[in-house]
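Subject: Handover of a structure for your study

Dear colleague,

Please find below the structure that I am passing on to you.

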Amino acid sequence: MDCVGQDPIDDQDLDFQRCLGDRPDDPIERVGGMTRRQLMQFCASVAATMGLSTAAGIRMAEAASAPARPPVIWLHGQECTGCTESLLRAYHPTLETLLLDVISLDYHDTLCVGAGKQALDYKHKIMEQHRGKYVLVTEGGTPTKDNGIYCKVGGKTQMQLVREAAEGAAATIAIGSCASWGGVQSADPNPTGAVGTHEVIPGKLVINIPGCPPNPYNFLSTVLYLLTFKKPPALDELARPKFAYGRLIHENCERRPHFDAGRFALEFGDQGHRQGFCLYKLGCKGPETYANCPAIGFGDVGFGSWPVGTGHPCFGCTEKETGFKKPIHALATVKTLTPPIAFPDVAAQKGEGMSPGAAAIIGGAAGLAIGAGALFLKQMGEKKDVQDSKDA
Ligand code: SF4
């Protein structure tokens with residue numbers, strides 16, 4: 001069976017195992033430091049996380065290894081560069097190399113080797129040569145007050161630069177909470193009138209990947225989808241990809257059994273805090289925040305590496321009206337009062353003497369299982385490859 005050109009939705013019977021075979025004449029050889037097998041497994045896990053078929057994963061792998069890579073222009077506005085840092089300092093070394101192999105990062109405000117007029121001339125050249133074909137990525141908020149004079153590059157305001165670049169872009173992605181909603185700059189009283197990218201280019205679709213910083217896999221999965229299917233993945237009403245922002249943090253949080261049992265930390269460092277109790281009363285915004293942080297963590301480190309996992313309340317950075325807007329001490333609106341049925345029975349665990357920690361682990365495992373497909377499969381793939389090389 002030919003592995004190329006299959007419809008990812010209709011063809012569920014694709015021979016994935018056969019496609020995994022390392023064939024010397026195959027066009028997919030090594031991308032981002034990955035072998036064909038690793039790339040196939042990685043893309044299959046990305047597809048699974050996005051709710052797509054294995055066939056879609058194979059299509060993604062082929063798109064990722066195509067010689068023609070889409071040019072990317074990456075602009076920085078008001079921000080700390082944390083989103084770029086998070087992408088480039090990934091724990092798995094293949095992540096940033098894969099990303100840089102999949103796209104052609106032709107212009108990046110802060111990573112450019114060139115500077116000044118030389119760099120800006122090059123950016124304009126790319127924009128002219130690839131008009132209608134390049135992807136625009138914006139990082140950082142855009143100030144609008146006083147005609148946007150509070151953030152300028154090369155004599156132009158960020159507002160002008162975003163509009164100019166978005167004009168000829170095939171797609172625009174806002175990475176991070178600042179580019180999505182304005183971020184910390186837009187906190188009351190918002191002295192520079194900072195807003196998200198979509199607000200300065202009304203009428204153009206901007207895919208928002210919020211987070212402070214967002215997990216690099218959410219960005220990479222979105223890019224792979226765009227590259228493969230030439231259209232954005234399913235988005236919610238805030239233009240966030242549903243595969244990453246479709247569930248409340250509170251649904252899958254490892255501390256959720258403590259919430260359901262009424263066990264809360266009341267102060268930082270108190271007995272409840274030290275025992276890993278729920279952080280709701282410390283202002284955790286997990287109950288009103290949609291994101292997959294409990295499942296895939298922050299950055300590329302993996303499970304447990306996210307604010308709530310380390311004892312800090314979620315502050316809702318992926319929500320337009322919560323992160324940087326709602327004070328950390330304010331209690332979140334609880335949208336789901338009914339505990340998920342997959343979580344352990346609270347009464348039974350009390351009667352049988354199950355420790356709060358054990359309940360948290362069991363409850364957390366149920367949540368982790370929902371969104372952890374990509375990392376788990378990736379790690380399994382890595383282990384298998386190690387075993388394969390030992391066997392060889
Ligand atoms: Fe987790 Fe926060 Fe929900 Fe408590 S309130 S279960 S810490 S998300």
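A residue is called buried when its relative accessible area is under 20%, exposed when that area is over 50%, and partly exposed in between. Asp146, at 41% relative accessibility, therefore counts as partly exposed. Asp146 is found in the loop between β6 (142-143) and β7 (152-153), and its phi is near 55 degrees, a positive value in a residue other than glycine. Ala239 also has a positive phi, near 60 degrees. This alanine lies in the loop between α9 and α10 (242-245), and it is buried because its relative accessible area is 14%. As background, most residues other than glycine have a negative phi, and most peptide bonds are trans.

Two cis peptide bonds may be examined next. One joins Asp188 and Pro189, with omega at about 15 degrees; Pro189 lies in the loop between α8 (176-181) and β10 (194-195). Another joins Cys212 and Pro213, with omega at about 0 degrees, and Pro213 is placed in the loop between β11 (206-209) and α9.

Please keep in mind that this is a predicted model. The mean pLDDT of the protein chain is 80, and 74% of its residues reach 70 or more. Over residues 1-25, however, the pLDDT is below 50, and it stays under 50 over residues 348-392 as well. Where pLDDT is low, the predicted coordinates should not be read in detail.

As for the overall organisation, the protein chain contains 17 helices and 11 strands. Of its 392 residues, 54% count as buried. Among contacts between residues at least 6 apart in sequence, 73% join residues at least 24 apart.

How do helices α3 and α9 pack, and at what angle? Helix α3 (residues 54-64) and helix α9 (residues 216-229) have axes 9 Å apart and meet at an angle of about 85 degrees, which means that α3 is roughly perpendicular to α9. On the α3 side, the contact is made by Ala56, Arg59, Met60, Ala63 and Ala64; on the α9 side, by Leu224, Tyr225, Leu227, Thr228 and Phe229. By class, this contact has 8 nonpolar, 1 polar and 1 charged residues.

Finally, the cysteines deserve a mention. The structure holds 0 disulfides. Cys151 counts as buried because its relative accessibility is 13%, and Cys253 is buried with a relative accessible area of 9%.

A colleague

Methods:
Residues numbered from 1 in each chain as written. Predicted model: local features only at pLDDT ≥ 70, side-chain atom pairs only at ≥ 80, totals over all residues. Heavy atoms only, no water. pLDDT = per-residue confidence, 0-100. Contact = heavy atoms within 4.5 Å. Axes fitted to C-alpha atoms, helices over the stretch in contact; angles between N-to-C directions. Helix = DSSP H or I, 4+ residues; strand = E, 2+ residues; numbered from the N terminus. Parallel < 35°, antiparallel > 145°, perpendicular 65-115°, else oblique. Nonpolar A, V, L, I, M, F, W, Y, C, P; charged D, E, K, R; others polar. Disulfide = S-S within 2.5 Å. Buried < 20%, exposed > 50% of the residue type's maximum accessible area, 1.4 Å probe, protein only.
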